[in-house]
Amino acid sequence: MRLDVEAMKADIEQSVALLRRRLDWDIALRKLDELNARVEDPTLWDNPEQAQAVSRERSRLEAQITAVRQMETALEEGVMLSEMADEEGDEATLEEARASLRAIKERAARAELEALLSGEADGNDAYLEVNSGAGGTESNDWAGMLLRMYTRWARAHGYEVEVEAEESGEQAGIKSATVQIRGPNAYGWLKSESGVHRLVRISPFDAAAKRHTSFASVGVSPVVDDAIEIEINPADVRTDTYRASGAGGQHVNKTDSAVRLTHIPTNTVVACQAGRSQHQNRDQAWKMLRARLYELELQKREAAAQALADAKTEIGWGHQIRSYVLQPYQMVKDLRTNVETSDTQGVLDGDLDAFMGAALAARVGATRGSTAEE
């Protein structure tokens with residue numbers, strides 16, 4: 001068997017062994033059997049909230065165990081194919097086996113990182129909010145590019161994206177937008193993206209073709225269900241209604257259906273205009289507010305309040321977490337982990353896994369690093 005195939009096989013086996021240890025394999029199998037038995041017990045559904053929690057835990061554990069088994073099977077098949085191709089001198093089939101092993105190696109690396117998503121809300125859906133900084137059209141356009149980048153990342157990973165609120169820029173891009181991203185571990189992957197993002201490029205809006213620097217901030221909070229108690233005093237919340245902007249038909253544009261809530265003690269603001277009625281938007285806005293306040297509490301528990309503070313400070317120099325330089329050279333660099341790549345277009349098209357993986361590993365103190373391939 002070729003040396004490169006041997007090396008990939010060793011890397012995959014190491015990753016699978018690590019996943020088994022993190023899952024505590026034998027205990028995980030017994031726990032899955034117990035959860036399967038509980039789900040099949042009709043009396044469990046007498047308490048819908050408890051039943052949903054058990055069902056979610058079962059689905060999560062089953063997915064982790066299934067992923068390990070599938071990787072082991074795929075590794076065995078890939079190695080057998082490479083050995084047969086090597087014996088017969090079939091270079092085309094050998095390259096097919098290499099491609100298969102590379103894909104398994106990527107899956108194993110991602111599964112390793114997902115095993116680190118053990119935070120209280122890591123498995124939840126997420127709200128992602130983008131706000132443009134000072135700079136008018138330039139920053140609005142940059143905020144729109146960021147929203148597109150995260151939307152593409154989410155859809156590439158099978159997540160659903162729903163726009164909750166959006167305020168368009170006067171000439172281009174957006175002033176602000178909030179989207180809900182739904183899927184397994186959405187919040188766990190996205191939480192490290194909170195902060196200020198800096199863009200350097202030749203402005204398409206400058207007739208003199210000068211280089212401009214633009215800023216936009218990203219904030220991420222988990223979607224929380226009714227089982228999590230978040231106490232909010234209604235007297236601390238100011239409610240404003242206004243006409244929704246953007247597409248939505250005559251009803252949306254002619255009535256004050258959009259709702260904005262301001263939690264005065266924390267100066268937390270959320271807005272929703274996705275629903276067709278003020279009642280729908282008010283309900284969703286309250287869910288978003290609970291999510292934001294829950295995120296504040298999580299930050300305190302994790303002693304990581306500085307990340308949140310950075311995202312809420314002035315959107316400008318000295319507060320950025322990542323730089324995207326398109327001129328005079330091509331480079332995207334995360335200033336926290338030093339992960340960088342010259343594939344700027346790939347990043348702006350949603351290829352963010354290397355950056356998210358490195359930030360996640362750093363956040364939990366993992367020893368195995370992650371780098372972006374140029």
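How many residues does helix H2 have, and how far does the helix reach from its first C-alpha to its last? In this predicted model, helix H2 (residues 25-39) has 15 residues and reaches 21 Å between those two atoms, close to the 21 Å expected at 1.5 Å a residue.

**Helix H2 and its surroundings**

Trp25, Ala28, Leu32 and Leu35 of H2 are buried. These residues lie on the same side of H2, because they cover an arc of only 75° around the axis. The buried residues of H2 pack against helix H1 (3-23) and helix H3 (48-88). On the face turned away from this buried side, H2 carries the exposed residues Asp26, Arg30, Asp33 and Glu34.

**The sheet**

An open sheet of mixed pairing is formed by 8 strands, in the order S2-S3-S1-S5-S4-S9-S10-S11. Strand S2 (160-168) and strand S11 (340-341) stand at its edges; each has a single partner strand, so one side of each is left without a neighbour in the sheet. The pairing of S2 with strand S3 (residues 174-182) is antiparallel and runs over 8 bridges. Glutamate 160 has arginine 182, in S3, as its bridge partner.

Helix H5 (residues 137-156) packs on this sheet, and its direction makes about 45° with that of S5. The strands touched by H5 include S2 and S3, as well as those in the following table.

| Strand touched by H5 | Residues |
|---|---|
| S1 | 126-132 |
| S4 | 195-202 |
| S5 | 211-222 |
| S9 | 320-325 |

Definitions and conventions
Residues are numbered from 1 along each chain as its sequence is written. This is a predicted model: local features need pLDDT of at least 70, side-chain atom pairs count only at pLDDT 80 or more; totals for chains, interfaces and linings use all residues. Side-chain values use heavy atoms; hydrogens and water are left out. Two strands pair if DSSP finds at least two bridges between them. Helices (H or I, at least four residues) and strands (E, at least two) are DSSP runs, numbered from the N terminus. Contact means heavy atoms within 4.5 Å. Axes are lines fitted to C-alpha atoms, for helices over the stretch in contact, and angles run from 0 to 180 degrees between N-to-C directions. The expected span of a helix is 1.5 Å times one less than its number of residues. Buried means under 20% relative accessible area, exposed over 50%, partly exposed in between (1.4 Å probe, protein chains only). The arc is that of the directions from the helix axis to the C-beta atoms.
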